[in-house]
Amino acid sequence: MIDVARAAGVSQSCVSLVLNSPPGARLSEATRQHVLATAKALGYRLPQRRARRKKPQRADSTSRNVIAYVVDELSLSPHPVLHVDGARDAAWAAECLLQVHVTRGSEAIEAETLAAIAREGSVLGVIYATHFTRQVEPPRLPAALPTVLVNCYTGERLHPALLPGEVAGGFAATQHLLDKGHRRIGMIGGEAWMDAARDRLLGYREALATADIAVDPELIREGDWTAASGYQHTLDLMKLRQPPTAIFCANDLMALGVIEAVIDLRLTVPGDVSVVGYNDLELSRHLRPPLTTCRVPNYDMGRRAVEILVDMALLDHPHRAMVTKLECPLVERASVAPRAQ
């Protein structure tokens with residue numbers, strides 16, 4: 001919607017009103033048509049209500065039009081909020097309502113929540129999500145209630161699961177720096193126990209291997225996702241006998257710390273050191289220079305989960321219990337430049 005707003009010369013809230021068509025929105029028809037035409041020209045896939053297969057209803061039951069969304073945390077990071085946004089929009093387009101349950105990681109609350117959902121006749125299916133990517137125990141739900149996992153997976157593949165393609169994202173970020181001529185590329189990763197940190201680091205290693213460049217352990221540092229760790233690791237990296245000419249960070253906050261450290265060393269980004277982040281947080285486009293980063297498909301994972309659930313629950317289209325990984329595309333901005341000769 002940010003891209004549509006920029007191209008149409010209107011605010012993002014105006015674009016949201018046009019695309020979602022809420023009741024009471026006061027917009028001229030000319031503005032509405034201009035925004036719709038701009039969105040279509042940019043390839044924005046406008047939500048379309050899907051025809052639901054009519055099912056016979058028992059006299060003592062209500063229509064099944066509620067999607068239960070169960071998540072462990074919602075307020076600790078922006079990612080789960082975007083999952084919910086995508087799921088909500090897709091549910092509304094399918095003439096369903098999204099019902100969000102936050103368990104705060106409590107096993108007791110989760111068990112009671114899932115039991116209540118199983119008793120509710122209006123629920124057509126469940127989306128089970130986590131705020132960071134990890135393996136989970138299978139949700140305790142009746143087998144007849146379709147379930148889709150978002151940002152998590154189980155040891156046994158019992159339900160369709162949607163995950164971000166982190167290895168490919170790390171590969172794309174590192175490959176972008178290689179394409180600019182960089183060969184000494186530092187990597188500031190996240191905490192090693194997290195799936196996202198391990199997979200982004202694996203993508204970095206695979207990109208170097210593809211370019212026949214040996215991995216230098218001196219260039220790899222484990223951060224803690226904070227700007228402070230990015231700052232300190234950059235100071236250490238730049239003290240090496242052969243410091244890196246580029247640094248890939250496993251998130252945007254650590255990349256912010258990298259840029260601050262480079263400036264404090266009286267060097268420039270990207271003139272002396274190119275920087276790539278990850279996540280495409282709102283702050284990344286407002287840094288100086290704006291940060292090249294990888295966008296995690298949070299909204300798309302929520303949207304896609306509802307589409308799969310509607311297919312299974314209302315349209316009787318089976319989906320295999322497999323893990324699907326969505327692309328984390330590279331967003332090119334101004335923090336990367338060709339390696340100085």
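1. A word on terms before we start: here a residue counts as buried under 20% relative accessible area, as exposed over 50%, and as partly exposed in between. Arginine 304 has 31%, so it goes down as partly exposed. Do keep in mind that this is a predicted model.

2. Start with the sheet. It's an open one, made of six strands in the order β2-β1-β3-β4-β5-β11, and the pairing is parallel. At the edges sit β2 (97-102) and β11 (323-326), each of which pairs on one side only. Going from one strand to the next, the twist averages 20°.

3. Have a look at the β11 end. Strand β5 (residues 161-164) runs parallel to β11, and the two pair over four bridges.

4. On to charges. Side chains of opposite charge can pair when their charged atoms come close. The count for this model comes to 17 salt bridges.

5. Helix α10 comes up again here. Arginine 304 and glutamate 307 form a salt bridge, at 3.5 Å from N to O. They are three residues apart in α10, so about one helical turn separates them. Glutamate 307, at 22% relative accessible area, is partly exposed, and so is arginine 304 at 31%.

6. Helix α7 (residues 195-210) holds both aspartate 195 and arginine 198, three residues apart, or about one turn of the helix. Their side chains meet in a salt bridge at 2.6 Å, N to O.

7. Last stop: helix α1 (residues 2-8), where aspartate 3 and arginine 6 lie three residues apart, about one turn of the helix. These two form a salt bridge, with their closest N and O atoms 3.3 Å apart. Arginine 6 has a relative accessible area of 57%, which is over the 50% cut-off, so it is exposed.

Notes:
Residues are numbered from 1 along each chain as its sequence is written. This is a predicted model: local features need pLDDT of at least 70, side-chain atom pairs count only at pLDDT 80 or more; totals for chains, interfaces and linings use all residues. Side-chain values use heavy atoms; hydrogens and water are left out. Two strands pair if DSSP finds at least two bridges between them. Axes are lines fitted to C-alpha atoms, for helices over the stretch in contact, and angles run from 0 to 180 degrees between N-to-C directions. A salt bridge is a side-chain nitrogen of Lys or Arg within 4 Å of a carboxyl oxygen of Asp or Glu. Buried means under 20% relative accessible area, exposed over 50%, partly exposed in between (1.4 Å probe, protein chains only).
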